[in-house]
Amino acid sequence: MTPPRRTRAPVAVALATLLLAGCAAGTSATGPRAGTAHEATRSAKNATHAAQPHRRWGLSDPLPAPPPPPARRVARRPGGPPPVLHRVPTRDRVVFLTYDDGAEKDPRFIDMVRELRLPVSMFLTDSVVGPGYGHFARLRAVGASLQNHTLDHAALRGLPYAGQRAEICGQQDKLHARFGVRPRLFRPPHGTYDTTTLRAAADCGVTAVVLWRAAMAGDGRLTFAKGPARLRPGDVVSIPSGEPGGLPLRERTTLLLQAIQERGLTVGRLEDYV
């Protein structure tokens, strides 16, 4: 009698081992490996946000690209004071986003500016920014411009020339020392100024004093200083640092961008026009 073959047992053991290894890697007693569906959904969502970053920031559609910069900017009259602007005289369907003080330093706002390619202007106060200039260096690296909002946020109107000049030129010097630029644009704290302010600003190298026609409050409401209560081409919009209990900067920016899109407008670069 031919003795039984004994080669099948090792093969069966090997197959069983492979099957068990596969089960351990891909399944459990209760079904597929936990988290697989969630991870797939998250990967798909991240891919959508990468391809359509406007959705990541709460916009249903991308912002339209602004038109080419105008051939001429708003200019200071030779020998005269710098112009004071609440809005820019243009027919381009753009508005301008300006941020005051520099108290809020949310890293995600940098991501928002980069991914949406927002041409924002940051009017900085040295005593408010404090040790946070690195945050604004990163904002500048993704396209934001840095402008002057005084050293200490003092109300300038009524102050003597020397005091106003120290506030304005002092911040010019600070920004030059940190970033190698001397801003052309200046916003007086609280929007108050006098003829002495304009003279001091001109002597510090400022070419335009930028106020605003629209402002966004901490709860996301838009208010208007003069004219119709709606956004119009050329409007300068001020977004001050957040109020206690108010919405974060990026959330207010999303609300503002939604309002801009509803009016058929987009965001322009202020420095291209002024």
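What is the volume of the largest pocket?

View 1. The volume of the largest pocket is about 320 Å³. A pocket is an open set of points on a 1 Å grid over the protein atoms alone, where a 1.4 Å probe fits, with protein on both sides within 12 Å along at least five of seven lines; the volume is the space filled by probe spheres set on the points, which are joined across faces, edges and corners. The lining comprises 21 residues, and P64, A65, P66, L116 and R117 lie nearest the centre of the largest pocket. Two or more lining residues come from each of α3 (53-56), α4 (107-116), β12 (266-267) and α10 (270-273). Lining residues have an atom within 4 Å of a point.

**View 2. Strands β5 and β6****.** Strand β5 (residues 121-124) runs parallel to β6, and four bridges join them, where pairing requires at least two DSSP bridges. L124 is opposite N148 of β6. Helices (H or I, at least four residues) and strands (E, at least two) are DSSP runs, numbered from the N terminus.

**View 3. The two faces of strand β6****.** In a regular strand, side chains alternate between the two faces of the sheet. In β6 (residues 145-148), S145 and Q147 on one side and L146 and N148 on the other are all buried (under 20% relative accessible area, 1.4 Å probe, protein chains only).

**Notes.** Residues are numbered from 1 along each chain as its sequence is written, and side-chain values use heavy atoms, without hydrogens and water. In this predicted model, local features need pLDDT of at least 70 and side-chain atom pairs pLDDT 80 or more, whereas totals for chains, interfaces and linings use all residues.

Methods
Buried < 20%, exposed > 50% of the residue type's maximum accessible area, 1.4 Å probe, protein only.
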